Amino acid sequence: MEEGNYSVGLDIGTTKIVAIIGRENEYGKIEVLGTGRSKSLGVHRGVVNNITQTISSIQQAVEQAELNSGLKIGSVVVGIAGQHIRSLHHSDYITRPNSEEVIDNEDLDKLCNQVYKLVMLPGEEIIHVLPQEYKVDGQSEIKEPVGMYGGRLEANFHVVVGQVSSIKNIGRCIKSAGLDLGNITLEPLASADAVLSQEEKEAGVALIDIGGGTTDLAIFKDGIIRHTSVIPFGGNVITEDIKEGCSIIEKQAELLKIKFGSAWPGENKDNEIVSIPGLRGREPKEITLKNLSKIIHARVVEIVEQVYVEIKNYGHEEQKKKLIAGIVLTGGGSQLNHLKQLVEYITGMDTRIGYPNEHLAGDSDEEVASPLYATAVGLLMNSLEAKKKNHIVDEEEIHEEEVLVGQENDMGAKANVASHTERKSIFDKWSEKLKDFLDNAE
């Protein structure tokens, strides 16, 4: 199969690294051709802290995906998260030289480029500039200003900022693993693409992606991303607490959490006990499930309350900003028993678990439809989308050239040929700059 027909999403998480190869079928659904998964070594709370180990983990996952699919992986779309990510709101405007001409994509680009020039703290760089709504000559709440007349174009932006060094380290790992960096996307945005429906985004919804090292939050309202946040703890701190509280090793704590863990202590009877084999011939340990769920409950409440503070900061309690669709939980941590009930109890909001199966073809492997793979599926969707856009642009450019060559002498016809080239998103330009930097850093 040609490289052009399939894409790859690579989710570099704190506990696992997932590579997923897929293509779009004739019904617009995603057909997964192969997946690879390896234990993530060298990533702490979403940030790379050991380059060598991360490279070997990426190579493992990629090789497994290549074996599964029989395809070669070249370029990948990668997710970025971590405690260094923060977001802010910013308003900006441009004054157009000629208000007799309609607003076009170039004006929007100019406005976005202006936001990219914002002065950040030392060592920080803008990752995404997401327009919220536009104002044209004081007329507010405009979602799409292209084609309108106006002299002053304003917009509110949601700006996502991250540490330059962390972003470059990810780029370095990808390059050293023998891959090309196609794009970098904020992980909560990728997960949102995979598990949220358009209706939910319109009504207002908070997506909580509970990973191993971080919990990512993305809030949508009226179909627009309104707030993003990365909270620097996730499933691993629960495992850590079980390890400390029960004096057992990490591997046993993780298994206990997955098999017997519950976020609701009232569920377990006092006499339910799990016996854990001792190390090297020591006596086995007996742990009551009630104690186990108390430990889990205390930490989960802390994570959920932290997320709820962020939801309140966005302004959920105002009538106009109310999140009608409530909360969607996804990521590996969302599979904890009774978590949905606990989140509903703490926040008072409707909650469901988000599975990425809505966008997958019917015959997809059940494993891929698990919340564990939400980010990877979202990154794959992102990669396919970018490929489709580039393909359309290429075709239109070829078509334009043919038209121009065929009508070289007819000046009138030449003037009628509109330029259809889709504007390159600023983010693509940013990715190219990062790629150039990495090439020069050799």
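Modeller: Helices here are DSSP runs of H or I with at least four residues, strands are DSSP runs of E with at least two, and both are numbered from the N terminus. This is a predicted model, in which local features need pLDDT of at least 70 and side-chain atom pairs pLDDT 80 or more, while totals for chains, interfaces and linings use all residues. Residues are numbered from 1 along each chain as its sequence is written, and side-chain values use heavy atoms, with hydrogens and water left out.

Biologist: Thr 214 is found in the loop between which two strands?

Modeller: Strand β12 covers 205-210 and the other strand covers 215-221. Thr 214 is in the loop that links β12 and β13.

Biologist: Is Thr 214 buried or exposed?

Modeller: Buried means under 20% relative accessible area, exposed over 50%, and partly exposed in between (1.4 Å probe, protein chains only). Contact means heavy atoms within 4.5 Å; leaving out residues up to four places away in sequence, Thr 214 touches several residues, including Arg 45, Ala 81, Asp 209 and Phe 233. Its relative accessibility is 7%, so Thr 214 counts as buried.

Biologist: With which side chain does the side chain of Thr 214 make a polar contact?

Modeller: A polar contact is a pair of N or O atoms within 3.5 Å; within protein, one must be able to donate a hydrogen and the other to accept it, and residues adjacent in sequence count only if both atoms are side-chain atoms. For Thr 214 the distance is 3.3 Å, and the partner is Asp 216.

Biologist: A search of the whole structure finds how many aromatic pairs?

Modeller: Rings of Phe, Tyr and Trp (its six-membered ring) pair if their centres lie within 6.5 Å; planes under 30 degrees apart count as stacked, over 60 as edge-to-face and the rest as tilted. The search finds an aromatic pair count of 1.

Biologist: How are the rings of Trp 264 and Tyr 345 arranged?

Modeller: The ring centres are 5.5 Å apart and the planes are at 85°. Trp 264 lies in the loop between α7 and β15 and Tyr 345 in helix α9, so the pair ties together parts 81 residues apart in sequence. Trp 264 is partly exposed at 28% relative accessible area, while Tyr 345 is exposed at 64%. The plane angle makes the pair edge-to-face.
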